[in-house]
Amino acid sequence: MCFHYHNGELYAEGVDLKKIAREVGTPFYCYSSEKLTRNFEAYRRALADFHSTVCYSVKANTNLAVVSTLARMGGGADVVSAGEMYVAMKAGIPADKIVFSGVGKTAAELEAAIKNQILQINAESAAEVETINQIALRLGVKANVALRVNPDVDALTHVKITTGKKENKFGVDWDDAHRLYREAANMEGIRLAGIAVHIGSQLLDVEPFRLAFTKIAGMVRELEAEGIVLDNIDLGGGLGINYNVELPPTCAAYADVVRETLGALNKHIIVEPGRSVVGSAGILVTEVICTKKMGSKNFIVVDAGFNDLVRPAMYDAWHTILPVSKKGVAPLIADIVGPICESGDVFAKDRIIEPVQAGRLLAIMCAGAYGASMSSVYNFRPLVPEVMVRGEEYAVVRKRTSYEEMLSGHALPQWL
Ligand code: LLP
């Protein structure tokens with residue numbers, strides 16, 4: 001177990017979380033190197049009989065040590081901005097293992113991707129294909145391009161993280177895709193490298209994947225019949241994880257669907273998992289500032305806020321919250337809230353938890369994905385430290401931002 005109790009104290013691998021809290025202060029993110037490695041390995045093992053590349057979706061967690069850990073394991077990267085591409089390359093991921101998705105890439109970002117000769121740019125509109133062609137012609141090169149198609153499949157997940165329906169902004173309309181492939185095939189600056197799809201995140205059922213991948217297989221065959229032969233099939237990310245009582249499909253079950261729908265095509269399969277690689281590998285540790293009772297309601301006020309972890313406020317997401325030191329006393333029902341001046345700054349409502357007083361530590365579990373990477377400095381709260389544990393050792397892999405650093409880009413106009 002990577003996060004586990006030992007004599008009533010919560011540990012990350014071989015390290016007592018209280019010890020890290022004493023050194024770096026709270027709140028802080030803590031990542032388990034072993035969990036990260038295992039989650040990534042599960043994909044590799046499941047896809048072992050394919051020619052495949054696991055392109056970790058950097059948006060889930062952009063920490064350099066996290067990305068570097070996966071880079072050392074041979075991972076590729078799915079990036080959605082020039083900034084993420086920069087981090088991926090700094091982490092040592094070779095350009096020919098990087099895919100670039102996103103509905104609104106700027107010309108400057110596209111130019112950087114073309115110059116780096118990345119594995120493929122997943123273009124999401126006719127206009128983007130045209131821009132890529134023009135930039136490539138100007139540079140005198142051919143850009144590797146895939147079309148990200150929108151298969152109009154319901155991922156059966158939270159509305160804010162559904163991406164593969166017609167009404168979502170993502171990808172090329174299914175009915176236009178074929179025509180656009182034909183047009184792009186005649187563009188001098190473009191090498192058609194593949195096809196891409198991503199239908200949503202936190203999927204708990206493989207059937208939407210099956211529907212989407214079956215449609216993709218049909219499209220690849222149709223294109224091939226016309227002489228448009230693609231090397232890569234990029235299936236996006238989206239496999240869910242267990243935050244509470246969910247039963248997400250395993251990587252093996254997912255790979256079975258890939259095999260059944262696309263296996264016969266013998267293509268290079270790319271997957272872009274984010275959450276299922278880093279989600280369970282990270283926690284957010286926070287200290288109780290105070291407790292109070294209003295009417296019949298108990299509140300536990302902690303020092304982390306929605307600027308540090310926005311998922312509960314933004315998606316009503318459930319995160320299990322555990323006391324770092326378990327006392328084994330009878331639980332009560334409480335709201336666990338942050339210090340931010342907004343009623344939405346709530347990590348858990350009516351949660352059953354053992355009573356904890358000021359100074360006690362709580363661990364917000366499964367916070368490795370879309371935690372630190374979505375954090376902000378709202379209320380001028382510094383970005384919190386990130387710590388990585390490996391066995392008995394640990395390292396601060398991003399320090400807390402200081403007020404000076406936070407102000408460093410500010411400047412007064414000359415009239416003040
Ligand atoms: N590929 C593309 C093109 C994506 O848009 C995403 C996620 C992924 C891969 C990775 O998906 P994953 O394996 O992590 O499900 N902030 C939200 C999740 C947003 C997902 C955005 N796209 C949350 O905290 O639930």
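For the residue classes used here, Ala, Val, Leu, Ile, Met, Phe, Trp, Tyr, Cys and Pro count as nonpolar, Asp, Glu, Lys and Arg as charged, and the others, Gly among them, as polar. By these classes, the shell around the ligand has five nonpolar, eight polar and six charged residues.

The structure is a predicted model, in which local features need pLDDT of at least 70 and side-chain atom pairs count only at pLDDT 80 or more, while totals for chains, interfaces and linings use all residues. Residues are numbered from 1 along each chain as its sequence is written, and side-chain values use heavy atoms, with hydrogens and water left out.

The ligand is surrounded by 19 residues (a residue is near if one of its heavy atoms lies within 4 Å), and the closest are Ser201, Glu272, Arg311, Tyr315 and Tyr370.

| Residue and its atom | Ligand atom | Distance |
|---|---|---|
| Asp78, polar side-chain atom | nitrogen | 3.2 Å |
| Ser201, side-chain N or O | oxygen | 2.4 Å |
| Arg275, backbone N or O | oxygen | 2.8 Å |

Taken alone, the ligand exposes 590 Å², of which the protein buries 93% (Shrake-Rupley method, 1.4 Å probe).

The lining of the largest cavity, which includes Tyr43, Tyr254 and Glu272, comprises five nonpolar, three polar and one charged residue. Glu272 and Gly236 also line the second largest cavity, where the lining divides into two nonpolar, four polar and three charged residues. Lining residues have an atom within 4 Å of a cavity point, cavities being sets of points on a 1 Å grid over the protein atoms alone where a 1.4 Å probe fits but cannot get out.

Note on methods
On a 1 Å grid over the protein atoms alone, a cavity is a set of points where a 1.4 Å probe fits but cannot get out, and a pocket is an open set with protein on both sides within 12 Å along at least five of seven lines; lining residues have an atom within 4 Å of a point. A polar contact is a pair of N or O atoms within 3.5 Å; within protein, one must be able to donate a hydrogen and the other to accept it, and residues adjacent in sequence count only if both atoms are side-chain atoms.
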